[in-house]
Amino acid sequence: MLLTYANLTIANSAPYNQDYRDIYYQPQNGFEESNHTFIHANHLPQRFANLHAGQAFCIGEIGFGSGLNALNTIDHFLRHARSQSHLHYCSVEKHPIELNTLKTLHQNWCQPQIRAQLYQQYPHNHSGIHTLHLHPRIHLHLLLGDAHDLLPQLHAKIDAWYLDGFAPQQKPPMLASPPICPYCAHQPPHHHPLQL
Ligand SMILES: C[S@@+](CC[C@H](N)C(=O)[O-])C[C@H]1O[C@@H](n2cnc3c(N)ncnc32)[C@H](O)[C@@H]1O
């Protein structure tokens, strides 16, 4: 099934969603915001550095959007984690951004080789679960469709959640924390790293 692409405009080099009437990230300082809200709030540099060889770290995100959080997290992982550890980044997205728009937004962003792999393997607007191997140690699992349908199918031990939906007061109503939190709470403590 084909999903409806995001209906967005670009203002101050940052995307704005016309349907949800909301921004994806703060214009001018999206990476600082991502560092503060997700990377450091989850103590990721330290947790990445503590991974042993062969160990995997799994992140779950609601709202892949532009991929800013994903690319920023990958950048931190490659700088802090020991070689032979792996990152599984599971991100759900209902309205993917068109590839050409994504490339425009990404100009001068970090990790050009990872981005090149993302563009090459991008599933566009095809619904379903797509695994993109962006690097021998980086596995991006894009769950394209509605979070309420797809998250119950994600059987993974998530080490850190990024709840990055649009603001709940936006129209149409967006995902807020309450309907999503059960997915965090119901995970068994010892589970295989990833079973998609
Ligand atoms: C604030 S933006 C996410 C920004 C993103 N993390 C980034 O790094 O650019 C919110 C995202 O949630 C997505 N979204 C909205 N409703 C959704 C739903 N029901 N299921 C999955 N994704 C949804 C939107 O399409 C949008 O891309």
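**Entry 1: Ile97**

I looked up Ile97 and found it in the loop between strand E5 (86–93) and helix H4 (99–105). For my own reference, helices (H or I, at least four residues) and strands (E, at least two) are DSSP runs, numbered from the N terminus. This is a predicted model, where local features need pLDDT of at least 70, side-chain atom pairs count only at pLDDT 80 or more, and totals for chains, interfaces and linings use all residues. Residues are numbered from 1 along each chain as its sequence is written, and side-chain values use heavy atoms, with hydrogens and water left out.

Is Ile97 buried or exposed? I noted it as buried because its relative accessibility is 1%; buried means under 20% relative accessible area, exposed over 50%, and partly exposed in between (1.4 Å probe, protein chains only).

Next I checked its contacts (heavy atoms within 4.5 Å). Leaving out residues up to four places away in sequence, Ile97 touches several residues, including Tyr5, Tyr24, Ser66, Leu102 and Tyr122. I also looked at Gly67, which is 30 residues from Ile97 along the chain, and the C-alpha atoms of the two are 9.5 Å apart.

A reminder to myself: most residues other than glycine have a negative phi.

Which phi does Ser13 have? I read a positive one of about 65°, although Ser13 is not a glycine. Ser13 sits in the loop between strand E1 (8–11) and strand E2 (14–17), and counts as exposed because its relative accessibility is 61%.

Then I turned to Gln84, another residue other than glycine with a positive phi, near 80°. I found Gln84 in the loop between helix H3 (68–80) and E5. At 53% relative accessibility, I put Gln84 down as exposed.
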